Amino acid sequence: MTEQGIGASVLRKEDFRFVRGRGKYTDDINLLNQTHAIIVRSPHAHATINSIDKAAALAAPGVVAVLTAEDFAAFGGLPCGWQVIGKGEEPMIEPKHPILAEGKVRHVGDPVAVVIAETKTQARDAAELVDIDYTELPAVIDMREALQNAPAAVHDEAADNQCFDWEIGDRAAVDAAFEKAHHVTTLELINNRLVPNAMEPRCAIGDYDNASGEHTLYTTSQNPHVIRLLMGAFVLQIPEHKLRIYAPDVGGGFGSKIYHYAEEAIMTVAAKVLERPVKWTSDRTEAFLSDAHARDHITKVELALDADGKFLALREFTLANMGAYLSTFAPSIPTYLHATLLAGQYTTPVIYAEVKAAFTNTVPVDAYRGAGRPEATYLLERIVDKAAAEMGIDRIELRRKNFIQPDQFPYDTPVALTYDTGDFEATLAPALAASKWDSFEERRKEAAQRGKLRGIGISCYIEACGIAPSNIAGALGARAGLYESATVRVNPTGSIQVLTGSHSHGQGHETSFAQIVADKLGVDIGSIEIVHGDTNKIPFGMGTYGSRSMAVGGVALSNATDKIINKATKIAAHLMEASAEDVVFEDGIFKVAGTDKAVPFGDVALTAYVPHNYPLEELEPGLEETSFYDPKNFTFPSGSHICEVEIDPATGELEIVAMHATDDFGNVINPMIVEGQVHGGLVQGIGQALFENAAYDSSGQLLSGSYMDYCMPRADDVPSFTVDHEVTACTHNVLGVKGCGEAGAIGSPPAVINAVVDALRDYGVTHIDMPATPAKIWNIVNQGATAQAAE
Amino acid sequence: MYEFEYVKPGSLDAAKSAIAGAEDGKLMAGGMTLIPTLKQRLASPSDVVDLGGLGDLAGIRKDGDSIVIGAMTRHADVAASADVKAAIPALADLAEGIGDPQVRNRGTIGGSIANNDPAADYPAALVALGATVRTTKRELAAEDFFTGMFETALEDDEIITEVVFPTAEKAAYAKFPNPASRYAIVGVFVAKGSSGVKVAVTGAGPAVFRVPEMETALSGNFSADALKGISVSADDLNSDIHAGADYRAHLVGVMAQRAVKAAG
């Protein structure tokens, strides 16, 4: 390991601009002659649009245009990127997701019209003058009701509001295992709906050059090429060479900026119609009503065990909320990114899951930090705890008894995945030690003397990053490839541009990706620039989500760098009049083994571009290489998270007194950045477990539509985390990396809730739904106290 | 926000005539509620009369046994005031716990009590300490000042000038914050002063209210134990997605006990 290479905690290069407020976000971009758009959104959850009168808005000062669905009649709807095939080969129902509402609105916030004016204030003023006559329809909000006693159909195509009814696993084998089980544990739970809340709201600026015919869309995206493909090919039919998507600095995404949103298509079209740039920036209220929401499962799970506590079978029945329309990757989240993880760290031999997806009059739901895996980990790690309590087996012991052992890898789970590697005891043991698990009962007693209820909880998770390979994903319904690209461009004077298809929106790629190149080429990290986000610069790439950047994009970069070394070696051999086989490359210098001949990398770079002494017959000039990498398998990070809480029974107030994570991310490129990713993930997981909840009333109004009511975790809500990692290197990529972006949010919610349930064990509590708010906890304590008083 | 006329008078007289002359004017102190309301287009006053230019209205002074706080005094200044800390430390503590640092450095006591948000902190202190609100027209006892949810006895063209707090022998404020907004779900201010013991509750109901049963109990025995068994009816209390009325009623008891303990 060098100071700047793989494994070094290099300070983040990008922070030099971020901490000085010099980042360049989409909203920082202002174009000459720019106009401003305000979206008129539905105030109703479900209504027919009888008429839209634009006249008053059009007459308002500064208004340039008012656009409605009819202005987009020539274009397609927003496409869904994953087709789930349900039971009986029944494909999911895929109703059109119009750019602007066509005759009907289906959730509060559904875009109906666009007002474009010279200034944002003029557009906002005029937006209030768009006169829309609605007839309200009954709203479908609750998923259970949507699928059983629906007051209405969200889409005519799905009269029963069911999008799909999907299953995985051998139901007959699972049912048979339950028949002969010694013990069956059952748990019903809700995985609460969340709002992603990236710090930077979404923004889109459309621009059209009527000389070149080129469209440019500046947008807050995690994956500009995916947007170019979806919007260009499926929505607007703009050839890709005439469509540039540029996502500059992006202030957080957590999944919510993966998707192709209506506003991107609207600004692109409007800019061409008006022949002027059109800019839209979401405000926070709009973000609550239009950014894809997350999670929202209602689940029943059952675990069958033998008398010794060995898991015999698991079955899950889940209702998953799709919201009003299918967001870009929504159908894949509760299916292939969820139920395939139900083995967890355990040898459960047979598993069955049934997932029914419902349309409701709510904001569409899609991937958010963890995407399906937090839901799987939560139900699994909760039911393991419940089973342990019911059977009187120590919860750590029960987990250990069922762990997949290191010598069982590669391990085929009964739910389609093959784990390539892992060592679960290797993360469990240090986590138990670091959290002083064995002496916890002393702390519980001490807390009790202070009138506090103390509890400890653990979660042993495994997750899957870097969806792959493309052909398998395609067979499962993905309508896109899942490789990544990288170009390494060595400039004549030796500086290096890396053009990556991955996208950084907080992950620190400008540092960690540069470390890979610095490590391999022996050049200074300061001479390497990571370029991302601009489809006119970078090779076609799939972007950043699913903790895939290092495991897929980083490997593509490593491969491209290897190609550079390979070619540079040949050039160096020529310069040293040696055979390429005899040339070694160490610390940035090419040497002929056993001699004192040496050529530094910079000389080779210059020679490649000034090829006067160069083997032109055998080798092209230049030093630039591209690699596309399609992984052979997912990567499987795993670990143990432990949470310790203290509850004040008088109020239900809860304090997390300690939180520890031992993770196995395979090899780690930058430990400091990885630790930061874990911290952020833990906070978001704690947010889901204790604070966050997107609550709708029965008419479909979002009750928690601002920070007055939607509770984000704050710095003073969390303790100082302790974080460490163990390494089992990924076996199928050259870096041995697995991915770390989502693990914190995947592993932590059940650790927190298990701790809460443990703290409340004397009240007979076996489960508490997230978020475990003080009010909820107090109700449990109070009912317990009332029951005791009655006895 | 919608368009409005903005005026920043340099004297109280000019402010009085500005608000009196406005068709549908609104006084702005720190603007911590008004500005977000305007930005969300939930209010459309014809005129905003910014009191920020009235330096005379900001400041804290001792007046005999009382602490007098100018209407434009910011929460951060109350929290940091040596006079307040010495005379009524509970009031400084309360100010220190309002909102966040940005709010405390902009928001004022006059703005807060004029708005009378049911979850604001100051109303509990005013009522429990038996404060007097001085305005451009009169003096009002705190209990006469706060009349209902977001309602006060203020007339449209009446401006708060200062608040007079009698010192208390013992006083403390205990708040259970809303986890999202950090406003009070329940806040209880307990004070023992020359006019006896007062227990004032904010957050729980539509507006600040006193709990006579607790006051009686504490008058005889100023200790948390004296409050045991005293419950507040949930009937008229607030209920929302964060806390039901029963929970709020219960928290009144817990916060009252905490406040008494803190008051010593």
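This is a predicted model: local features need pLDDT of at least 70, side-chain atom pairs count only at pLDDT 80 or more; totals for chains, interfaces and linings use all residues.
To see one pairing in detail, find strand 20 (residues 496-500) of chain A, which pairs with strand 21 of chain A in the parallel sense over 4 bridges. Within that pairing, A:Leu499 has A:Val531 in strand 21 of chain A as its bridge partner.

Now return to the helix and look at its helical neighbour. Two packed helices are described by the angle between their axes and the distance between the axes. Helix 14 (residues 509-521) of chain A and helix 15 (residues 549-575) of chain A have axes that come within 10 Å and cross at roughly 30°. Because of that angle, helix 14 of chain A counts as roughly parallel to helix 15 of chain A. The crossing of helix 14 of chain A with helix 15 of chain A is right-handed.

Which residues of helix 14 of chain A meet helix 15 of chain A? They are A:His509, A:Ser512, A:Phe513, A:Ile516, A:Val517, A:Lys520 and A:Leu521. On the side of helix 15 of chain A, the residues they meet are A:Ser549, A:Met550, A:Gly554, A:Leu557, A:Ser558, A:Thr561 and A:Ile565. Sorted by class, this contact between helix 14 and helix 15 of chain A has 7 nonpolar, 6 polar and 1 charged residues.

Let us step back to chain A as a whole. Chain A is divided into domain 1 (31-137 + 202-281), domain 2 (297-467 + 633-790) and domain 3 (483-629). The centres of domain 2 and domain 3 of chain A, taken over C-alpha atoms, are separated by 40 Å. Where these two domains meet, 18 residues of domain 2 of chain A are in contact with 16 residues of domain 3 of chain A. The domain 2 side of this contact in chain A divides into 10 nonpolar, 6 polar and 2 charged residues.

Chain A also meets chain B. How many residues does each chain bring to the contact? Chain A gives 14 residues and chain B gives 11 residues. On the side of chain A that touches chain B, there are 10 nonpolar, 3 polar and 1 charged residues.

Chain B itself is divided into domain 1 (1-51) and domain 2 (170-263), and the C-alpha centres of these two domains of chain B lie 34 Å apart. Chain B has an open sheet of 3 strands in the order 1-3-2, with parallel pairing. Its edge strands are strand 1 (5-7) and strand 2 (25-28) of chain B, each of which pairs on one side only. Here the twist averages 20° from one strand to the next. Strand 2 of chain B runs parallel to strand 3 (residues 47-50) of chain B, and 4 bridges join them; B:Gly25 has B:Asp47 in strand 3 of chain B as its bridge partner. To finish, look for helix 1 (residues 12-21) of chain B, which lies across strand 1, strand 2 and strand 3 of chain B and runs at about 165° to strand 3 of chain B.

Terms used: Residues are numbered from 1 along each chain as its sequence is written. Chains are lettered from A and ligands numbered from 1 in the order in which they are written. Two residues are in contact if their C-beta atoms, placed from the backbone, lie within 7 Å. Ala, Val, Leu, Ile, Met, Phe, Trp, Tyr, Cys and Pro count as nonpolar, Asp, Glu, Lys and Arg as charged, and the others, Gly among them, as polar. Domain bounds come from an automatic or database domain assignment. Axes are lines fitted to C-alpha atoms, for helices over the stretch in contact, and angles run from 0 to 180 degrees between N-to-C directions. Helices (H or I, at least four residues) and strands (E, at least two) are DSSP runs, numbered from the N terminus. Angles under 35 degrees count as roughly parallel, over 145 as roughly antiparallel, 65 to 115 as roughly perpendicular and the rest as oblique. A crossing is left-handed if the near helix is turned anticlockwise from the far one by less than a right angle, and right-handed if clockwise. Two strands pair if DSSP finds at least two bridges between them.
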